[in-house]
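Colleague: I should be grateful for a guided introduction to this structure. May I put some questions to you?

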Amino acid sequence: MRAYKNVENLPIGHASDKVTPGCIVLEGGAFRGVYTSGVLDRLMQADINLQCTIGVSAGAMNGFNYVSGQIGRSGRINLTYRHDSRYIGYKALWQNRGITGFDFLFNDIPSILPFDQESFDRPERRFVAVATNCITGESSYFEKGKCEDITKAIQASASVPIASKMVYIDGSPYLDGGCSVKIPVDWALNEGFEKIVVVRTRDRAYRKPPQRMSALIERLYDTYPILAQELEEETERYNTLCDHIDHLEKEGRIFVIAPTRPVRIMRFEGDMERLGALYQLGYCDAGGRMHALEEYLNN
């Protein structure tokens, strides 16, 4: 099984109990999320543990380990097990009827890389996973301590359309939160947070090109017309959101950490050295912006 050659050199440790006022918003993007893993590890090392974490898809999966305070755990999972078919591949497809093996991730991995449930459950740290209701096409915000099963919500948040089955929560079908909102910055604003940190998985200049999947979407989701419409309008909505985030950043309302160079890996990239380099980019980008981030958070 191929792994990133320097995976053993990833940082390891546990974040302090210090809680930083504010909210961190984590974009998804499948394996582009290893960038976020690097960013969050560097933040934890600097004692920046935001009181609220909200994530979409891979952002929710990264945020899960950020709230538990486990430095290096997300990076080690993705940079070690990317080519394990129980995680991504035919065994995952057989067990979970989707491209990602959530059973492996939540049931098997903890026996190898233990998850700190006690730290995750601390009431001082909020955690929200965003999923899309397939009937209404609207975003649903599942918060730990307020929903029955937060891991089920993370699974729904990270269930990629077309490649994954729908996840049922309280009788309703859900898919990837990115179908309705890819970067839930407005949720953080509406919650009244004065300090908001947004972690992107695309560089600031990136805008999605036109997509050509109309026939496939209509065929797969013919009984979910509102979801199909959301998927059709996804590109335009994302590009408008990116402009909105740029505007908020210029106003000083939010602080953005984004890749300092274009991210040119596939959604389910298999080149482990490219993935490892993306993790290192996130770690270095966060380190390079640390002084500015501390100024933003403390003023």
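Colleague: On what basis are the residues numbered, and which pLDDT do local features need?

Modeller: Residues are numbered from 1 along each chain as its sequence is written, and side-chain values use heavy atoms, with hydrogens and water left out. This is a predicted model, in which totals for chains, interfaces and linings use all residues, side-chain atom pairs count only at pLDDT 80 or more, and local features need pLDDT of at least 70.

Colleague: How many residues does the largest nonpolar core have?

Modeller: A nonpolar core is a set of buried Ala, Val, Leu, Ile, Met, Phe, Trp, Tyr and Cys residues joined through side-chain atoms within 4.5 Å. Buried means under 20% relative accessible area, exposed over 50%, and partly exposed in between (1.4 Å probe, protein chains only). Ile24, Leu79, Tyr87, Phe127, Ile196 and Leu293 have the most contacts inside the largest core, whose residues number 85.

Colleague: How many residues form the second, separate core?

Modeller: This second core includes Cys179, Tyr224, Ala228 and Leu231. Its residue count is 10.

Colleague: Is Ile196 buried or exposed?

Modeller: Ile196 lies in strand β9 (residues 196–199); helices (H or I, at least four residues) and strands (E, at least two) are DSSP runs, numbered from the N terminus. Contact means heavy atoms within 4.5 Å, and Ile196 touches residues including Cys23, Val25, Phe255 and Tyr296, not counting those up to four places away in sequence. Because its relative accessible area is 0%, Ile196 is buried.

Colleague: How far apart in space are Ile196 and Cys23?

Modeller: In sequence, Ile196 and Cys23 are 173 residues apart. In space, their C-alpha to C-alpha distance is 4.9 Å.

Colleague: What is the distance between the end C-alpha atoms of helix α12?

Modeller: The expected span of a helix is 1.5 Å times one less than its number of residues. Helix α12 (residues 272–288) has 17 residues and should therefore span 24 Å. The distance between its end C-alpha atoms agrees, at 24 Å.

Colleague: Which helices are among those that cover the buried residues of α12?

Modeller: The buried residues of α12 include Met272, Leu275, Gly276 and Tyr279. Leu79 is in contact with Met272, Leu275, Gly276 and Tyr279, among others. The cover over the buried residues of α12 includes α1 (34–45), α3 (73–81) and α13 (290–298).

Colleague: Which residue in β8 is the bridge partner of Thr132?

Modeller: Two strands pair if DSSP finds at least two bridges between them. Strand β5 (residues 126–133) pairs with β8 in the antiparallel sense over 3 bridges, and in strand β8 (residues 172–176) 5 of 5 residues are buried. The bridge partner of Thr132 is Leu175.

Colleague: Which residue in the turn between β7 and β8 has a positive phi?

Modeller: Strand β7 (residues 167–169) runs antiparallel to β8, joined by 3 bridges, and Tyr168 stands opposite Pro173. The two strands form a hairpin with 2 residues between them. The residue with a positive phi, of about 50 degrees, is Asp170.

Colleague: How many disulfides does the structure hold?

Modeller: A disulfide is a pair of cysteine sulfur atoms within 2.5 Å. The sulfur of Cys52 is 3.8 Å from the closest cysteine sulfur, in Cys23, and this is too far for a bond. For Cys147 the closest cysteine sulfur is in Cys52, at 13 Å, also too far for a bond. The number of disulfides is 0.
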